[in-house]
Structures are given as C-alpha cells and as structure tokens.
Amino acid sequence: MPFAVGTVRDLPVRALKLCGLTWSGEVLWFSEGVLNRITSVEPVSGEVGQHLACPDVRTDLTTMSGRLVQVAGEARALRVLDPVDGSVVTELPNPRPGGLLCGLEATQHGVWFGYEDRRIVDLRDAGDLSLIDTIPVSHPPAGVTVTDDFLAYADYRGGTVNLVDLGTRREVARYDAPGNPTGLTWDGSRIWYCDHTTLQLRAIDLPGISNA
C-alpha cells in the first residue's frame, strides 16, 4: 500500500497538457503538448522566463550538457535544443525503436530511459546511447528522475511516485502523490513533478532523501 505524501510547493502554470520537467541548476523547465513549447519557471517566485517553440512535444524532458532534450514526434525521438533561442541542435533516434519512451533523465552516470510498454528503465551511455543496464519496474513509468541513491519514477495511472534503490535494484517505496504525476525531476533537495490533473508543477519531500 502506498504512503500518502503532501506537496510542499505548488506552481500553477499556463498549460493544457503537461509533459516533461527538468531542473537546470537554476530554473525548472516544463514542456507542454498542446501549445508545443518548453517554458522556464523560477521555482521560488514562480516567475515565468523563456518560451521555446518545440513542435510535436510528446513526453519527458531533460537537461544534458547545458542543452534541453525533449522526447518528440510519433517515433519519440530525442530532440536536442539550445536553451537560449530554442534552435534544434540535433535529433537522435529513440534507442528502442517503436518503444513507448516516456521517462528521460540525464545524470553524471548516463541517461535514463523509461518505457511505458515494457515497464523498464534503461541506463545508457551519454555519448553513444549504448546500453549499460536495465532495471525492471512494477508500473508503467510516465517520468523518471534520479537522486543520489534512488531512481524515482511516476506512475501516472496509479497517481504515485515510486522509488527504486539503485544499490539493490529493488523497489523500496511507493508514495501516493496528489493528482497524477507525469514528468519528474530532482533539484538536489526534493522531487518535482508535473501534475497532469491540476496543471501545476508540484514539489514533494520524501523521507530519507529530501533536505529541508
């Protein structure tokens, strides 16, 4: 049974369909699947910064080497964007062609890919996207992020955020988050998620991994 958890920060945003979310080290960026754009938000004030056009936004979003990477198009390719002007730097194919890529998170150890139809999360090399590891998960991941010791993924249908211990590769906790979480990101202190239901960016503190 999941543990109930409340939010510690709620940021309403102008959106019709929230998709992805990432932390740049300074601001949150979220992607929107109807307006087809990516927007930056200051997490304390809630002030909106840049709007970048991005046709065919699909699911998750991450930051890699100072650039934004958005899952885009029917094939769920990786579209790499310059965060200054939104220009497309390159587009990389979905590493699992035909797979329903939903979660995406770049870290110092590589890039994590969550697949809804396979219920797995892959870790791949950031250079050539070769496969490093695959972790099975219990529920379809709608977004993924990584803390120091845990992989977190959102179960949109179940309305939960789930933790996998990276040391043991086992799921250790399931949290009932308000609304329906999709894209996830970790800001070094707490987990943020896109709430598909209320169209907010919401932050949660989780026992053992969050810092007040």
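A: Begin with burial: a residue is buried under 20% relative accessible area, exposed over 50%, and partly exposed in between (1.4 Å probe, protein chains only). This is a predicted model, in which local features need pLDDT of at least 70, side-chain atom pairs count only at pLDDT 80 or more, and totals for chains, interfaces and linings use all residues. Residues are numbered from 1 along each chain as its sequence is written, and side-chain values use heavy atoms, with hydrogens and water left out.

Q: Is R76 buried or exposed?
A: R76 has a relative accessible area of 10%, so it counts as buried. R76 sits in the loop between β8 (67-72) and β9; strands here are DSSP runs of E with at least two residues, numbered from the N terminus.

Q: What is the phi of R76?
A: Most residues other than glycine have a negative phi. R76 is not a glycine, yet its phi is positive, about 55 degrees. D56 also has a positive phi, near 65 degrees, and is a residue other than glycine. D56 is placed in the loop between β6 (48-53) and β7, and it is partly exposed because its relative accessibility is 47%.

Q: How do I read the sheet with the order β7-β8-β9-β10?
A: Two strands pair if DSSP finds at least two bridges between them. This sheet is open, has 4 strands and shows antiparallel pairing. β7 (57-64) and β10 (88-92) are the edge strands; each has a single partner strand, so one side of each has no neighbour in the sheet. On average, neighbouring strands are turned by 20 degrees against each other, direction ignored. Strand β9 (residues 77-81) is joined to β10 by 4 bridges, and L81 is opposite V88 in β10.

Q: Which strands make up the open sheet with mixed pairing?
A: The order of its 5 strands is β1-β18-β17-β16-β15. β1 runs parallel to strand β18 (residues 170-176), with 2 bridges between them; F3 has Y175 in β18 as its bridge partner. The pairing of β17 with β18 is antiparallel, over 6 bridges. In their hairpin, with 4 residues between the strands, R169 has a positive phi near 65 degrees. Strands β16 (residues 150-155) and β17 (residues 160-165) run antiparallel and are joined by 6 bridges.

Q: How many salt bridges does the structure hold?
A: Side chains of opposite charge can pair when their charged atoms come close. The criterion is a side-chain nitrogen of Lys or Arg within 4 Å of a carboxyl oxygen of Asp or Glu. The structure holds 10 salt bridges. One of them joins E74 and R58, whose closest N and O atoms are 3.5 Å apart. E74 is in the loop between β8 and β9 and R58 in strand β7, 16 residues apart. E74 is exposed at 72% relative accessibility, while R58 is partly exposed at 25%.

Q: Which strands hold E91 and R79?
A: The side chains of E91 and R79 form a salt bridge (2.8 Å, N to O). E91 is in strand β10 and R79 in strand β9, so the pair ties together parts 12 residues apart in sequence. E91 is partly exposed, at 42% relative accessible area, whereas R79 is buried, at 10%.

Q: Which residues are linked with D10 in a network of salt bridges?
A: The network links D10 with D195 and R202. The side chains of D195 and R202 meet at 2.7 Å, N to O, and both residues are buried.

How values were computed
Axes are lines fitted to C-alpha atoms, for helices over the stretch in contact, and angles run from 0 to 180 degrees between N-to-C directions.
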